[in-house]
Structure formats: structure tokens, C-alpha cells
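Here are my notes for you to read beside the model. Keep the viewer open and check each point as you go.

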Amino acid sequence: MKTKLQRSLSEMSTFNEVQIHYERPIFNTNRVVKCSEDSERILREFLDNKRIDYKEFFWILLLTNANQILGVSEIGIGNTTGVAVNVKEIYQLALLSNASAVVVAHNHPSGKLKPSTADKVLTQKLKEAFKLLDITLLDHLILTSEGFVSFSDSGLM
């Protein structure tokens, strides 16, 4: 026969407590994204240029309402022809960092800067879902070792 303490401990193990912790960065030290070139420059500092022509990667820039950088994260690593993007992880990062806006980016190891149909579909999917979360998808960049293209600058947003 279980004691009251054993029953209590047994009941407690049937669920987990979820906590969210957010510590605001010191804003006057954060860099600001004003245009696609700013996003590209920040991403190039973060990514490994030795691997950009080797495999496809997917990144996210997390921004405040004033477009100050909260953080950068690598979402996925693929192969020479693509990268699987965990959309749920993108939304989790944006919510947990209290981001008001985001910029997503990936590279094309082929060196071609033309967005694929899959790139366009993913961008639209992200944009629509972010709208529901009151987060703005500012841009989607495609990077190569020679240059980049911005969905926003190209009218694809």
C-alpha cells in the first residue's frame, strides 16, 4: 500500500512544469538592421565562409521592434542540394527571444542566386504564420560566396 507521500510523488511525475525566462539585452550595445546589406554583413560575420560552397545552411536573425539584433541562430544544416527547415524551431526562437521581427537566410552552394519555388513557398509560409504571432518577417536572403539576393529588395515578400 502506497503512503500519501509516495502517491503524491507518483502524481507529480505525470507532468512537467514549463517556464519561460527572458533577459533583455542592453539595447545601446545592439547592432541595428536598416537594410538587406546590414543583414548580409551580420550573417557573414556569423557563418563559416569555408563551408558556404559545401553544404546548404539556414539561419535566422532575431530583432527587436527597433530592428536591433537580439541574436543569430543556425536552424539547419543540409547537403549540397537542400536543407530541411524546422519551422517550429524558427517560431520557438522568435517567441522565446521576444523578437518583434526576423530575417531568415540560407545559402546556395551552387552559387546561383535565383530563388527556387521551394524557397518562395517557405517564405510565404513563414510570413503568414509570423503575422499570427505579431512578428514581422522582414526579409529572406539567399547567400553565395560571391553575393546575395534579398526577397524584400526583389519584391518577393
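1. Strands β1 and β2 (residues 69–77) run antiparallel and pair over 7 bridges. This is a predicted model. The hairpin of β1 and β2 has 5 residues between the strands. There, N67 takes a positive phi near 65°.

2. β1 also pairs with strand β3 (residues 101–107), again in the antiparallel sense, over 6 bridges. Find W59: its bridge partner in β3 is A105.

3. How many residues of β1 are buried? Of its 7 residues, 7 are, so the strand (residues 57–63) is mostly covered. In a regular strand the side chains alternate between the two faces of the sheet. In β1, F57, W59, L61 and L63 point one way. F58, I60 and L62 point the other way.

4. The whole structure holds 2 aromatic pairs. F57 and W59 form a stacked one, with 5.9 Å centre to centre and 15° between the planes. Are these two residues buried or exposed? F57 has 2% relative accessibility, so F57 counts as buried. W59 is buried too, with a relative accessible area of 2%.

5. Why is the pair of Y91 and F130 edge-to-face? Because the ring planes stand at 85°, and over 60 degrees counts as edge-to-face. The ring centres are 5.0 Å apart. Y91 lies in helix α3 (residues 87–96), F130 in helix α4 (residues 117–132). The pair therefore ties together parts 39 residues apart in sequence. Both Y91 and F130 are buried.

Methods: Residues numbered from 1 in each chain as written. Predicted model: local features only at pLDDT ≥ 70, side-chain atom pairs only at ≥ 80, totals over all residues. Heavy atoms only, no water. Phe/Tyr/Trp six-rings, centres within 6.5 Å; stacked < 30°, edge-to-face > 60°. Buried < 20%, exposed > 50% of the residue type's maximum accessible area, 1.4 Å probe, protein only. Helix = DSSP H or I, 4+ residues; strand = E, 2+ residues; numbered from the N terminus. Pairing = 2+ DSSP bridges.
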